[in-house]
Amino acid sequence: MDRSIALRGLGTLMLGAAVTGCASVAPVPYAEMASSAYMAPDKSDASGRVPYRYSTPVDWRAYNKVILEPVVVYRGKDHQFGDMSDQDKTTLAAYMQTRFAERLRGRFMLVRERAPNTLRIRLTLTGAVANTPVLGTLSRFDMAGAVYNGVQAARDGEGMMTGSVIYGVEIFDASTSRLISAYVTKQYPGAYDIKASVGALAAANAGVDKGADALMAQLN
């Protein structure tokens, strides 16, 4: 009986922590991103994954080459890394560079020189949350965690004690340097993605993968 009560108490504690954590990390229009003055709340995004956006009419099919700039780790005071180490930030930025390049290569020729029919993409890593060790995985099996994660899975929300990644995307016409699209996004794995709950940066990496897929959906 005592063990059952203790487990229920742990579940309640985990649930409260998860709700608090999810509510406390929401993207902002980061002041030191060059495109921040252009972005506005994206009321068409029901998911909450892309709260701020700037867009212009553009025929993406007119572009067949892309320059992918090195991922920038945001240093502004309004960053949302919490106490994440510089090493983890660097590791996550390197993963972003690799994954986005791989996805872009399936649609564009990656180049280094500005030219007609070429996009230039800048990714700015503005925040990230690491997985909560052990408890993040256990919450998938705990009763309270199962209820919470079930609700989150149904609404494509964040899982309990799961990490995430927040970043900005700025897309320019390379030949004119005209900003044609920009947005800030928060990405995270599915609430029941057990694999993404194991390892400090596993969820943030899974978020990067989702974000790369979302960008390609926009550019196709």
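Biologist: Which residue forms a salt bridge with Glu170, and how far apart are the closest N and O atoms?

Modeller: Keep in mind that this is a predicted model. To spot a salt bridge, look for a side-chain nitrogen of Lys or Arg within 4 Å of a carboxyl oxygen of Asp or Glu. Here Glu170 pairs with Arg122, and their closest N and O atoms are 3.4 Å apart. Glu170 sits in strand E7 and Arg122 in strand E6, so the pair ties together parts that are 48 residues apart in sequence.

Biologist: Are Glu170 and Arg122 buried or exposed?

Modeller: Both Glu170 and Arg122 are buried. They also belong to a network of salt bridges that links Glu69, Arg120, Arg122 and Glu170.

Biologist: How many salt bridges does the structure hold?

Modeller: Nine. Take Arg75 and Asp86, whose closest N and O atoms are 3.9 Å apart. Arg75 is in the loop between strand E4 and H2, while Asp86 is in helix H2, 11 residues apart.

Biologist: How do I read accessibility for Arg75?

Modeller: Check the percentage against the cut-offs: under 20% is buried, over 50% is exposed, and partly exposed lies in between. Arg75 counts as exposed because its relative accessibility is 58%. Asp86, at 49%, counts as partly exposed.

Biologist: Okay, helices next. At what angle do H2 and H5 pack?

Modeller: For a helix pair, look at the angle, the distance between axes and the handedness. Helix H2 (residues 86–105) and helix H5 (residues 202–219) pack at about 30 degrees, with their axes 9 Å apart. H2 passes H5 in a right-handed crossing.

Biologist: Which residues in H2 meet H5?

Modeller: Among them are Leu92, Tyr95, Met96 and Arg99, and on the H5 side you'll find Val208, Asp209 and Leu215, among others.

Biologist: Which residue does Asp209 form a salt bridge with?

Modeller: Arg99, with the closest N and O atoms 2.9 Å apart. Asp209 is in H5 and Arg99 in H2, so this pair ties together parts that are 110 residues apart in sequence. Asp209 is partly exposed at 23%, and Arg99 is partly exposed at 26%.

Biologist: Where is Leu201 found?

Modeller: Leu201 is in the loop between strand E8 and H5. Its relative accessible area is 12%, so Leu201 is buried. Leaving aside neighbours within four places in sequence, Leu201 is in contact with Met84, Asp88 and Thr91. Leu201 and Asn131 are 70 residues apart in sequence, yet 6.6 Å apart in space, C-alpha to C-alpha.

Methods. Residues are numbered from 1 along each chain as its sequence is written. This is a predicted model: local features need pLDDT of at least 70, side-chain atom pairs count only at pLDDT 80 or more; totals for chains, interfaces and linings use all residues. Side-chain values use heavy atoms; hydrogens and water are left out. Axes are lines fitted to C-alpha atoms, for helices over the stretch in contact, and angles run from 0 to 180 degrees between N-to-C directions. Helices (H or I, at least four residues) and strands (E, at least two) are DSSP runs, numbered from the N terminus. A crossing is left-handed if the near helix is turned anticlockwise from the far one by less than a right angle, and right-handed if clockwise. Contact means heavy atoms within 4.5 Å. Buried means under 20% relative accessible area, exposed over 50%, partly exposed in between (1.4 Å probe, protein chains only).
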